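Biologist: I would like to learn how to read a structure of this kind. Please take it feature by feature, with the general idea before the case.

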Amino acid sequence: MLDKLKLVEEKYQELEDRMASPEVYNDPTAVAKISREQKELAPVVEAYRAYQKQVHAAEEAQALLADKLDDPEFKEMVQQELESAKSEMVRLEDELQILLLPRDPNDSRNVIVEIRGGAGGEEAALFAQSLYRMYTMYAESRRWKTEIANINETELGGIKEVSFVIQGDGAYSRLKYESGVHRVQRVPDTEASGRIHTSTVTVAVLPEMEEVDFEINPADLQIDTFRASGAGGQHVNKTESAIRITHLPTGTVVECQDERSQHKNRDRAMKILVSRLYEAEQAKQHAALAAERKSQVGTGDRSERIRTYNYPQGRVTDHRIGLTLYKIEQILNGDMDEVLDALITADQAEKMRMVGEEA
């Protein structure tokens, strides 16, 4: 592991040197690319340098103790420093093992979240609205920016479907575990007998891709413009600013009507289309692996029931890791870190197990 860490530090130093060179400094594209690479390596390098510092401190303490110190108080202080350095080394070794695990190349990307009401009619649409609110409140708590691409609301305040983009550092790395079927159990306001209904909502979380990331033949696209409808103000109905893009080979359809500008709607719709096609291709590539062994976390299988929200019991249960929390109100108000941290930890443990099996 130490040899690998040394190579990572050398790579980081090489990037720093390149960043300082005039040919790179005057090229914004090169600066952006190198900055992105540095940002990915920085946590590993920082932890490695902290580890090296503790190794040095432990060696110094051991050298002093080897001199058979006469002062008992000083000797005790040095012994404590040695124990502290050793303890910190163990902690940093564990941290470095996690940092060196195979990394999802899309973790640093923004995300496209798509929520659709499933079984349960209006009750499912109302819960879809609750999930949309949960994700936007969570994004706000992390100072991420949220933009709606397309929304289809019901007369009772529910959402049949919504597509929105969350822009922020680490957005995909944390929210990617949300893909799947979310089940709600509660008594609807319209239920006179107090009977609990079960409804489902499907959530898809896609890394936001650029057109350069996934090549699409323009001849495969049918692009239609139409007048936007629904929320957004009177201006949306005056011009044909809304965009519908159909990918003819796959039949994938994306609509975007939240922006006033047709150009902005087209750009957003293309990003969503590219992201969907990328995800479909990734799913195809992983199908063989998934059949062989299914990871405990992070499969992103939309048909999988991943979580249940039980209102009468105030309970949220994530079925993938057996986590149950009795704080449904806080979670639906955007306090999602405890759930997401547990999913990330479980994912890391699974990756470490797989690395151990391959070693």
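Biologist: How many bridges join β9 to strand β10, and do the strands run parallel or antiparallel?

Modeller: First, the basis: this is a predicted model, in which local features need pLDDT of at least 70, side-chain atom pairs count only at pLDDT 80 or more, and totals for chains, interfaces and linings use all residues. Residues are numbered from 1 along each chain as its sequence is written, and side-chain values use heavy atoms, with hydrogens and water left out. Helices (H or I, at least four residues) and strands (E, at least two) are DSSP runs numbered from the N terminus, and two strands pair if DSSP finds at least two bridges between them. Here β9 and β10 (residues 315-318) are joined by four bridges and run antiparallel. T308 stands opposite T317 in β10. Four residues lie between the strands of this hairpin, where G314 has a positive phi near 65°.

Biologist: Which strand is joined to β9 by five bridges?

Modeller: That is β4 (residues 180-186), and the two run parallel. V181 stands opposite R305 in β9.

Biologist: Why is β9 described as largely enclosed?

Modeller: Buried means under 20% relative accessible area, exposed over 50%, and partly exposed in between (1.4 Å probe, protein chains only). Five of the six residues of β9 (residues 305-310) are buried, so the rest of the structure largely encloses this strand. Over the protein, 41% of the 359 residues count as buried.

Biologist: Which residues have the most contacts inside the largest nonpolar core?

Modeller: A nonpolar core is a set of buried Ala, Val, Leu, Ile, Met, Phe, Trp, Tyr and Cys residues joined through side-chain atoms within 4.5 Å. The largest has 37 residues, and I115, L131, Y135, I166 and L175 have the most contacts inside it. Among the elements giving two or more residues to this core are β1 (111-117), α5 (122-141) and α9 (337-358). The most comes from α5, with eight residues. Another core, of 20 residues, lies apart from it and includes V8, A58, L92 and L100.

Biologist: What is the span of α5 from its first C-alpha to its last?

Modeller: The expected span of a helix is 1.5 Å times one less than its number of residues. With 20 residues, α5 reaches 29 Å, close to the 28 Å expected. Just after α5, R143 takes a positive phi of about 60°.

Biologist: Where does pLDDT stay under 50?

Modeller: pLDDT is the predictor's confidence in each residue, from 0 to 100. It stays under 50 over residues 231-237 and over residues 292-302. Where pLDDT is low, the predicted coordinates should not be read in detail.

Conventions:
Contact = heavy atoms within 4.5 Å.
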